[in-house]
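Here are some friendly notes to read beside the model. Please keep the structure open as you go through the points.

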Amino acid sequence: MAVRNRPDAGGELTLSMRWRARHHAPPRPCTHRTGLTVSYERRNIREMQGYTWGEQPQDADTLKLNTNENPYPPGPAVAAALQAFDITRLRRYPPPLADDFRDAAAAVHGVTREHIVVTHGGDELLRLALTTFLDPGVPLGVLEPSYSLYPVLAQIQDCPLAKVQLDPDYQPPADTVARWNAAGSTLAMVVNPHAPSGTLLRAEVLEAMAGAFRGVLLIDEAYVDFVDPAHGYDAVTLAQRLPNVLLLRTLSKGYSLAGLRFAYGIGNPELLAPIVNKTRDSYNMDTLAQALATAAMRDQAYASGTWLRVRAERDRLDAALSNLGLVAPPSESNFLLVTVPGYWALGARAVYEQLKSAGILVRYFAHTGLADKLRITVGTPEENDRLLAALGALAGQPSRGTGA
Ligand SMILES: Cc1ncc(COP(=O)(O)O)c(C=O)c1O
C-alpha cells in the first residue's frame, strides 16, 4: 500500500485499515431465495451502482443536446480514409502503439510520439490511470461536482474518494492539494474546462496544484478544443515540464468522433511507460480506428473550423438563454450549465421531461447541488433555435402555486 511509506499521512492509515478489515472479512455471497449462490462478483462490484450514461437514441429526429457531442459531422478527410481503407489490413493485428496517430498528434502538440499513449476513449485512459497509479484502498483525489464516471471507476478499483467541494464559482479551494496529500492520494483527477459547468481554470493554477501534489495529477481536457484561443491556455507544456502531469485528450468531442472511441494521453515518457508497456491492452486501438483518427488529427483545419462555429453559437445561445432567465457560468466548453430560476413554472427536472417529450434531450443530474440545473450541449444554429423555441414556450407557463 502506498500509505505504508507515508509516515505523515495521518488519518488515511485508519482508512487503509478499515479497507483491509472489510476486504479480509469472510465473503458474503449474494444468495437467491432458493439458497443457491447467484453472484460471483467481487464485494465492491456487488455493492456499487455502475455509471448512468446519457440517453443515446439512435434516431435522426431526436435533438440530442445531452452528451456534448460535436454537432458537426466528421470531416472529409475521415470520410476519404474510410473509403480508401484496405479491408485486408484487418487480417493482421493492429500497430500496437498506433505510431501514425502518435506522430500526427505529436506534430499538433509539439511533442514527441513518446509523449503520447492512445486509448479506447478517454474513459479507458481514466481507468488505466487508476489501475496504474492508485492502490486499492487508497483515496482518489477528486473535486465535487465533476465527471460522474470518476467515482464509479474508483469503486471498481475499490478506492474511496478524497472529495473536495468546489467553491460556488467552481474554483478549487486553496487547501485542495493539502487535503489530497493528507488523505494519501497518489492520483487526482481535475477536469478542465470543468464539467459540468464549462468554466476554465488557468494553467498557472494547475501548475501550482501539480507542484504541490505528491501523486499524479490527471488533467481531463475532454473539452479543451472549445476553449477560446484568446485565453492562451496551454497545459501541454505543463505535461512536458512536470513529471506528474497526465493530460487526457479525446477525439469524441473536438473531432466529431464519439462513435469511434479514440482518445490519448499526453505526459512524460517515464510517466506513460507503465501504461504503454504494462496496464493497457496491447492492441487497444483497432486498425480502422487508427486510420480514421489519424486522418482526423491531420486535418486540423476542419476540426478547428467546427470549434469556431461552436464557440460562436455558445455565445449566442448563452445570451438567448439568459434572456429567458436561464443563466450559466462562463463556459469555455461546448455546453452550458443553466440554473432554472425559482420563478419559472417548472423546476429543472420538469423542464427536462417537457423537452424530452418534445424530442429534445438535455442532461439533468439529480445530484445535490445540481438538481436545479440543466446541462445543455451547444448545437447547430438550427438546433439551438429549436431548443430556444421550446424553452420559450415553457418559460411562459403559469407559475407554480397558482394551481394551474
Ligand atoms: C469530462 C469528461 N472526461 C472524459 C470523457 C470521456 O470521453 P470519451 O470516452 O468519449 O473519450 C467525457 C465524456 O463525456 C467527459 O465528459
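Helices (H or I, at least four residues) and strands (E, at least two) are DSSP runs, numbered from the N terminus. Residues are numbered from 1 along each chain as its sequence is written. Please bear in mind that this is a predicted model, where local features need pLDDT of at least 70 and side-chain atom pairs count only at pLDDT 80 or more, while totals for chains, interfaces and linings use all residues.

1. Let's start with a backbone detail. Tyr170 has phi near 65°, a positive value in a residue other than glycine. You will find Tyr170 in the loop between strand 4 and helix 7 (176–183).

2. Two cis peptide bonds deserve a look. One runs from Glu144 to Pro145, with omega near -5°, and Pro145 sits in the loop between strand 3 and helix 6. Another runs from Ala195 to Pro196, with omega near 15°; Pro196 belongs to the loop between strand 5 and helix 8 (203–212).

3. Leu248, for example, has Gly265 of strand 8 as its bridge partner.

4. How do helix 4 and helix 11 pack, and at what angle? Helix 4 (residues 99–109) and helix 11 (residues 287–298) meet at about 15°, with axes 9 Å apart. That makes the two helices roughly parallel (angles under 35 degrees count as roughly parallel, over 145 as roughly antiparallel, 65 to 115 as roughly perpendicular and the rest as oblique). Their contact is made by Asp100, Phe101, Ala104, Ala105 and Val108 of helix 4 with Gln290, Ala293, Thr294, Met297 and Arg298 of helix 11; residues are in contact if their C-beta atoms, placed from the backbone, lie within 7 Å.

5. Helix 11 also packs with helix 3 (residues 76–84): their axes come within 8 Å and cross at roughly 150°. That makes helix 3 roughly antiparallel to helix 11. On the helix 3 side the contact uses Ala77, Val78, Ala80, Ala81 and Leu82, and on the helix 11 side Ala291, Leu292, Ala295, Ala296 and Arg298. By class, that contact has 9 nonpolar, no polar and 1 charged residues. Here Ala, Val, Leu, Ile, Met, Phe, Trp, Tyr, Cys and Pro count as nonpolar, Asp, Glu, Lys and Arg as charged, and the others, Gly among them, as polar.

6. Finally, the ligand. Of the 13 residues around it, Gly121, Gly122, Ala222, Thr250 and Ser252 come nearest; a residue is near a molecule or strand if its C-beta atom, placed from the backbone, lies within 6 Å of it. Helix 5 (residues 121–133) gives the largest share of this shell, 3 residues. The shell around the ligand has 6 nonpolar, 5 polar and 2 charged residues.

How values were computed
Axes fitted to C-alpha atoms, helices over the stretch in contact; angles between N-to-C directions. Contact = placed C-beta atoms within 7 Å. Pairing = 2+ DSSP bridges.
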